[in-house]
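Hi,

Here is the structure I promised to pass on. Have a look at it first, and then read my notes below.

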Amino acid sequence: MLSMMNGYRTLRVRQLLLRVGGIAIWLIFALLGILRDIFASVEVEHNDDRQLHDSDFSGELNHRTGRLDSGTDPYGWYDRD
(Lines give C-alpha, C1' and ligand atoms only; values in the text may rest on other atoms or scores of the structure.)
Protein backbone atom coordinates (compact mmCIF):
# COMPACT_ATOMS: atom_id res chain seq x y z
CA MET A 1 0.00 0.00 0.00
CA LEU A 2 2.87 2.39 0.80
CA SER A 3 4.52 1.79 -2.61
CA MET A 4 1.22 2.58 -4.29
CA MET A 5 1.04 5.92 -2.45
CA ASN A 6 4.63 6.74 -3.43
CA GLY A 7 3.83 5.98 -7.07
CA TYR A 8 0.82 8.28 -6.94
CA ARG A 9 2.94 11.05 -5.39
CA THR A 10 5.57 10.64 -8.13
CA LEU A 11 2.86 10.86 -10.78
CA ARG A 12 1.50 14.06 -9.26
CA VAL A 13 5.00 15.59 -9.14
CA ARG A 14 5.51 14.78 -12.82
CA GLN A 15 2.16 16.32 -13.73
CA LEU A 16 3.03 19.44 -11.75
CA LEU A 17 6.42 19.73 -13.49
CA LEU A 18 4.78 19.33 -16.89
CA ARG A 19 2.27 22.06 -16.11
CA VAL A 20 4.94 24.43 -14.79
CA GLY A 21 7.13 23.71 -17.83
CA GLY A 22 4.20 24.33 -20.16
CA ILE A 23 3.42 27.63 -18.49
CA ALA A 24 7.09 28.64 -18.67
CA ILE A 25 7.28 27.82 -22.39
CA TRP A 26 4.04 29.71 -23.04
CA LEU A 27 5.40 32.70 -21.14
CA ILE A 28 8.64 32.68 -23.16
CA PHE A 29 6.72 32.60 -26.46
CA ALA A 30 4.42 35.37 -25.28
CA LEU A 31 7.39 37.57 -24.34
CA LEU A 32 9.08 36.88 -27.67
CA GLY A 33 5.88 37.86 -29.48
CA ILE A 34 5.64 41.09 -27.51
CA LEU A 35 9.28 41.94 -28.23
CA ARG A 36 8.78 41.18 -31.93
CA ASP A 37 5.76 43.51 -32.04
CA ILE A 38 7.64 46.26 -30.22
CA PHE A 39 10.65 46.11 -32.54
CA ALA A 40 8.48 45.84 -35.65
CA SER A 41 6.47 48.92 -34.72
CA VAL A 42 9.49 51.18 -34.21
CA GLU A 43 9.46 53.87 -36.86
CA VAL A 44 12.77 54.64 -38.45
CA GLU A 45 13.31 58.34 -38.85
CA HIS A 46 14.92 59.33 -42.12
CA ASN A 47 16.92 62.48 -42.29
CA ASP A 48 15.19 64.28 -45.15
CA ASP A 49 16.57 67.65 -44.08
CA ARG A 50 18.75 68.67 -46.94
CA GLN A 51 21.92 70.63 -46.33
CA LEU A 52 22.58 73.97 -47.99
CA HIS A 53 25.06 72.44 -50.44
CA ASP A 54 22.42 69.83 -51.43
CA SER A 55 19.61 72.32 -51.98
CA ASP A 56 17.34 72.15 -55.01
CA PHE A 57 18.25 75.69 -56.07
CA SER A 58 21.80 75.11 -57.22
CA GLY A 59 24.04 72.31 -58.37
CA GLU A 60 23.85 69.55 -60.92
CA LEU A 61 20.83 67.44 -61.74
CA ASN A 62 21.14 64.01 -60.18
CA HIS A 63 19.07 61.72 -62.38
CA ARG A 64 18.90 59.05 -59.67
CA THR A 65 17.10 61.32 -57.18
CA GLY A 66 15.61 63.82 -59.60
CA ARG A 67 17.03 66.72 -57.60
CA LEU A 68 19.81 69.22 -57.95
CA ASP A 69 22.73 68.53 -55.63
CA SER A 70 26.43 69.21 -55.25
CA GLY A 71 27.42 66.42 -57.64
CA THR A 72 29.04 64.25 -54.97
CA ASP A 73 26.51 61.40 -54.81
CA PRO A 74 28.58 58.26 -55.50
CA TYR A 75 25.54 56.36 -56.79
CA GLY A 76 23.98 59.21 -58.75
CA TRP A 77 24.50 59.94 -62.41
CA TYR A 78 24.87 63.37 -63.88
CA ASP A 79 24.89 64.99 -67.34
CA ARG A 80 28.23 65.31 -69.04
CA ASP A 81 29.68 68.79 -69.25
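L31 is partly exposed, because its relative accessible area is 48% and that class lies between buried (under 20%) and exposed (over 50%), using a 1.4 Å probe and protein chains only. You'll find L31 in helix α1, which covers residues 2-40. L31 also belongs to a nonpolar patch on the surface, together with I25, W26, L27, I28, F29, L32, I34, L35, I38, F39 and V42. Areas come from the Shrake-Rupley method with a 1.4 Å probe, and for residues only the protein chains shown count as cover.

Before going on, a word on what you're looking at. This is a predicted model, so local features need pLDDT of at least 70 and side-chain atom pairs count only at pLDDT 80 or more, while totals for chains, interfaces and linings use all residues. Residues are numbered from 1 along each chain as its sequence is written, and side-chain values use heavy atoms, with hydrogens and water left out.

As for confidence, the chain averages a pLDDT (the predictor's confidence in each residue, from 0 to 100) of 78, and 72% of the residues score at least 70. Confidence is highest in α1, at a mean of 87, and lowest in β2, at 77.

The overall layout is quick to describe: 1 helix and 2 strands, in the order α-β-β from the N terminus. These are DSSP runs numbered from the N terminus, with helices being H or I of at least four residues and strands E of at least two. Of the 81 residues, 7% count as buried.

One of the buried residues is D73, at 16% relative accessibility. D73 sits in the segment after β2 (67-69). Leaving out residues up to four places away in sequence, D73 touches N62, R64, T65 and Y78, where a contact means heavy atoms within 4.5 Å. D73 and N62 are 11 residues apart in sequence, with 8.0 Å between their C-alpha atoms.

How many salt bridges does a search of the whole structure find? There is 1, and it joins the side chains of D37 and R36 at 3.6 Å, N to O. The cut-off is a side-chain nitrogen of Lys or Arg within 4 Å of a carboxyl oxygen of Asp or Glu. D37 is partly exposed at 47%, while R36 is exposed at 57%.

Cheers

Definitions and conventions. Patches are made of residues with over 30% relative accessible area and no salt bridge: like charges are joined within 9 Å, nonpolar side chains (Val, Leu, Ile, Met, Phe, Trp, Tyr) within 5 Å.
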